[in-house]
Each structure stands twice: as structure tokens, then as C-alpha cells.
Amino acid sequence: MRVLVIDTALGACTAAVFDDDRPLAVRFEPMAKGHQERIGGLARDAMVQAGADFDSLDRIGVTTGPGSFTGLRVGLAFAQGLGAALDRLVVGISTLDALAASVEVEGPVAALIDARRGQVYARLFRDGIPEGPPEALTLDEAARLIASLGEETRLVGAGAAVLVAAFPAL
């Protein structure tokens with residue numbers, strides 16, 4: 001199955017093409033704003049790099065948050081518009097789930113996004129399976145939750161740096 005994945009939820013603009021689990025092309029630019037000007041070109045460039053055309057896509061994936069409200073709207077609108085034009089299914093992917101899936105680790109993983117104001121969006125996983133719903137937690141709550149697991153936990157996402165800065169023992 002060939003999939004175009006769009007991510008504009010956080011501090012970057014990304015378009016990637018996968019054939020099943022195998023990445024064919026990834027185009028990525030760090031940016032805090034301006035996603036709307038770049039996502040179309042990045043998607044086109046990823047398709048060219050993959051040696052494919054848009055008609056060869058079976059599905060379109062897009063991150064649904066948590067993340068930047070404006071960035072999310074841009075990604076969702078682009079994915080929905082492209083899906084409608086190509087008559088392809090558009091599938092939403094949680095940003096926290098995508099972060100956790102980006103690391104191949106057995107055992108606990110905490111996907112963390114900086115929610116600002118002393119908070120993180122968090123979701124815990126064990127062996128790739130979610131252990132509960134996504135939550136908005138204070139840094140104290142997140143540190144206690146991770147410590148309660150009683151074993152070394154892999155932290156992933158920009159919220160990890162914020163949490164470790166506040167609690168270096170993690």
C-alpha cells in the first residue's frame with residue numbers, strides 16, 4: 001500500500017511517501033510558521049523523489065494533534081483537499097502515536113509534546129501498545145507518572161527535553 005503522510009502539527013513541515021512500511025521519500029523542513037506555503041511543494045517533491053505520481057497513492061495520512069492549531073489546520077486541509085481530488089481515503093494519525101511509533105523499543109515509551117506553561121501532552125506505550133489515553137499533564141504529574149512505571153522509560157518528542165530539564169533524574 002502506497003501512502004503519502006503529511007505532518008504539520010509541530011515545528012516542522014513534512015511530507016513522506018511509504019510503500020507498506022518502507023519509506024520511499026521524506027521531505028522535511030523545520031519551521032514554526034509558513035506551513036501553508038511549503039506543504040504542497042514538499043508533497044510534490046516527495047512524490048518525485050519516490051518515483052511515483054499522485055495517482056499511484058492508495059491512501060493519505062495526516063497528523064491530527066496535539067500540536068499547533070494553525071499547523072494542524074493546514075495539514076488537515078491539504079490532506080482532505082488532495083484526498084478529495086484523488087478520491088482517496090484520508091486517515092488521521094495522533095501526533096503522540098506517530099512519535100511513539102518512530103522508536104523501535106521494547107518496554108515503556110513516553111511520547112511527549114511541549115504544551116507550554118509547564119505542561120506536556122503525554123501518552124504512555126508499552127511494546128508499541130498504548131497504555132491509556134493522551135493526557136495534558138503538568139511537568140510534576142508527568143514525572144510522577146513516568147517514575148511510577150518503575151523501569152527505564154524511553155522519552156520521545158520535544159516535550160522530553162522540557163521534562164528532563166525540569167527533572168534531570170528521568
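The model is predicted, so local features need pLDDT of at least 70, and side-chain atom pairs count only at pLDDT 80 or more, while totals for chains, interfaces and linings use all residues. Residues are numbered from 1 along each chain as its sequence is written, and side-chain values use heavy atoms, with hydrogens and water left out.

Pockets to begin with. A pocket here is an open set of points on a 1 Å grid over the protein atoms alone, where a 1.4 Å probe fits and protein lies on both sides within 12 Å along at least five of seven lines. Lining residues have an atom within 4 Å of a point. Volume is the space filled by probe spheres set on the points, which are joined across faces, edges and corners.

The largest pocket has a volume of about 630 Å³. It is lined by 18 residues, and Val5, Phe18, Ile93, Ala98 and Ala101 are the closest to its centre. Strand E1 (2–7), strand E2 (12–19) and helix H3 (95–101) each give the lining at least two residues. Helices (H or I, at least four residues) and strands (E, at least two) are DSSP runs numbered from the N terminus. By class, the lining has 11 nonpolar, four polar and three charged residues; Asp, Glu, Lys and Arg count as charged, Ala, Val, Leu, Ile, Met, Phe, Trp, Tyr, Cys and Pro as nonpolar, and the others, Gly among them, as polar.

The second largest pocket holds about 300 Å³. Of its 14 lining residues, Leu10, Gly67, Ser68, Asp114 and Arg116 are the closest to the centre. Strand E6 (residues 108–116) supplies the largest share of this lining, four residues. Nine of the lining residues are nonpolar, three polar and two charged.

Now the helices. Axes are lines fitted to C-alpha atoms over the stretch in contact, and angles run from 0 to 180 degrees between N-to-C directions. Contact means heavy atoms within 4.5 Å.

Helix H4 (residues 139–148) packs on helix H5 (residues 158–166) at about 90°, with the axes 10 Å apart. H4 and H5 are therefore roughly perpendicular, a label for angles of 65 to 115 degrees. Leu139, Ala142, Ala143 and Ile146 of H4 touch Val162, Leu163 and Ala166 of H5. That contact has seven nonpolar residues, no polar and no charged.

Helix H1 (residues 35–50) and helix H2 (residues 69–86) cross at roughly 40°, their axes coming within 10 Å. From H1, His35, Gln36, Ile39, Gly40 and Ala43 meet Gly71, Val74 and Phe78 of H2. Here the classes are four nonpolar, four polar and no charged.

Last, the backbone. Gly65 and Pro66 are joined by a cis peptide bond, with omega about 5°. Pro66 sits in the loop between strand E4 (59–63) and H2. Arg117, a residue other than glycine, has a positive phi near 50°, and lies in the loop between E6 and strand E7 (119–126).

Notes
Parallel < 35°, antiparallel > 145°, perpendicular 65-115°, else oblique.
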